[in-house]
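Please consult the sequence and coordinates while reading.

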Amino acid sequence: MSQQIDHVFDENRRFVPSEEFAANAIAGPELYDEAAADREAFWAKQSRELIDWHKPFTNVLDWSNPPFAKWFDDGELNVAYNCLDRHVEAGRGDRVAFHFEGEPGDTRTITYAQLTEEVKRVANVLTDLGVGRGDRVAIYLPMIPEAVASLLAVARLGAAHSVVFGGFSADSLRSRIDDAGAKVVITADGGYRKGKATSLKPAVDQALADRGDGEQATVQNVLVVKRTGQDVDWNDERDIWWHDAVATASAEHEAEAFPSENPLFILYTSGTTGKPKGILHTSGGYLTQAAFTHRSVFDLRPESDVFWCTADIGWVTGHSYSVYGPLANGATQVLYEGTPEYPEPGRWWDIIEKYGVTIFYTAPTAVRSFMKQGREIPQKRDLSSIRLLGSVGEPINPEAWMWFREVIGAGDVPIVDTWWQTETGAIMISPLPGVTETKPGSAQVAMPGIAIDVVDEKGEPVGDGAGGLLVVTEPWPSMLRGIWGDPDRFVDTYWKMFADKGYYFAGDGARKDEDGDIWLLGRVDDVMNVSGHRLSTTEIESALVAHEATAEAAVVGANDETTGQAVVAFVILKESFLKQHGPEGLAQDLRTWVGAQIGPIARPRDVFIVNELPKTRSGKIMRRLLRDVAEGREVGDTQTLADTMVMSAITKQVK
Ligand code: WT7
């Protein structure tokens, strides 16, 4: 079957960087030329400039055994030293590393000197618990400074962390602990979410309990942060309070150098089906690309910027752009524990105003939920400190991009739409804010030093103006090094499709426009086939979001006797529109609208107005479940849903 994807939606707005921004930008156009002249030399130079190597590398890339890459492999470094000590040694210890804001409103200001000291103490505690090079530590914490300190302490020892998002169940935690063979778990009594103290420690107890299957958990100790003060069950042999152990530990700790390819972390990603994959990242290449992309994509000025990435530390975005990239670059950041809507929907904007956030990096799902609530909420706050906006996680519909720019960015700040994955470790496709003329809805160009193409099923480039499969054609420094414990699955999942060409297949559909700019079209599994036309979910969703009534939309292909598949849309309306007009007749209007915007072939057979959409805990729409509803089937596995009630509400609304 052809993998080409038809193109139906056009977006013609363009935004050039201001002259002032372009003239002062950290990343200029010469980066593309340098990288094109010699990719490996380019990365070697970035690495030497951005990272302190205890032992300098001489090898850059070893690709003698593809797809198993080694970067800078005769070099040695300590990742935590690069994020902490070296800034203190350079006299920048008083710089704020984090403005922490807890959901209840408690705050902490943490300098680089303080964070460095804390990490040294935690490293000593973990050493006493027997953690050393090559071990794994599971981290199951809320978004509090101890989470950052835990990651860095594990990294400092040359061990690998496996962060499990705090919203996952005891069973998910146990399977991740088992798969990684974790020795220690770092957790908290609980955390604050939506105004309530939620618990974490009981899930750890349950995860580690004897299940009567003769399999003992590999965990020997549990280090527990006191966050909420709620009662917890205690196992004297196993459990240790963080505040006891860390306070009495020595604040002296020398960072030892480890080889560049020493594992840094495992992060589980569920993919669409089956057992979660433990994505493995290593040290030198990962840190190089995280630091380089953070600096150049966000135009970072560490002495004056306040950077805020809203992602939880349980996702790769939190790893690369709340911990490793920003700290390696010596940035000042905001860290926020709770939800955007507590105690009321303007909480994020209050935080931006309070700390003078200058660079704000978030997900389209958040932008669309703010669109739903209405612009009056952010407009009550002073957001004038913002000078750059970033988006990640899903395609951002052009209308959401415009809203983000106008309402949050005062209509004049650059937006960087950054495409990457847990597997890629760091940003791969993005505008450079002082160079690229931006197009709402497009991630646009491969980063300097990154080789991307859009190809057909044979691996042949589709060329400008056509859609197909997104591939990475050359190895990159922060690429995954494998799936923990399963090299065959690594090869099968990512490298088999284009084995003869040696391309990494990302699972996404994409289109190159006439200028060669890249537009992400959603997962290829979600592409619809309507009367022989292959349509992407993203383009039809963008057309729906371009209607004044719509805040968010999800479309799926449902079996249809005449057209093979038919487009079925689920739509969330803006509250302001609902107040003024109500939903009457709107489904029909939206069908007509899509037909007029992008042609009859894409016109939805059905439009359902719903209050919510099914999303994963990281905010991605789960179209598979909507397909079940659209085809009148019983709804499939909802375990990965953030809110399992959503599907029964939708099923009811559709009936
Ligand atoms: C998938 C990876 C990257 C960190 C967060 C998600 C989708 C991500 C974009 C973007 C269109 C995007 C892709 C990708 N995605 N960023 N800017 N435009 N799609 O990491 O959970 O591993 O998900 O997210 O489908 O494959 P992840």
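Q: How far from an oxygen atom of the ligand does a polar side-chain atom of Lys620 lie?
A: This is a predicted model, in which local features need pLDDT of at least 70 and side-chain atom pairs pLDDT 80 or more, while totals for chains, interfaces and linings use all residues. Residues are numbered from 1 along each chain as its sequence is written, and side-chain values use heavy atoms, without hydrogens or water. The pair is a polar contact, that is, N or O atoms within 3.5 Å. Between Lys620 and the ligand oxygen, the distance is 2.9 Å.

Q: Which residue has a side-chain N or O atom 2.6 Å from an oxygen atom of the ligand?
A: A ligand nitrogen atom is 3.4 Å from a polar backbone atom of Pro395. The 2.6 Å separation, from a ligand oxygen atom, belongs to the side chain of Thr422.

Q: What share of the ligand's accessible area does the protein cover?
A: On its own, the ligand has 550 Å² of accessible area (Shrake-Rupley method, 1.4 Å probe). Of this, the protein covers 89%.

Q: Which elements give two or more residues to the shell around the ligand?
A: Elements are DSSP runs numbered from the N terminus, with at least four residues for helices (H or I) and at least two for strands (E). Those contributing two or more residues are helix 12 (316-328) and strand 25 (518-523).

Q: Is Thr317 buried or exposed?
A: Thr317 lies in helix 12 and has contacts (heavy atoms within 4.5 Å) with residues including Tyr361, Val392 and Trp420. Buried means under 20% relative accessible area, exposed over 50%, and partly exposed in between (1.4 Å probe, protein chains only). Because its relative accessibility is 12%, Thr317 counts as buried.

Methods
Polar contact = N/O pair within 3.5 Å; in protein donor to acceptor, adjacent residues only side chain to side chain. Lists of a residue's contacts leave out its neighbours within four places in sequence.
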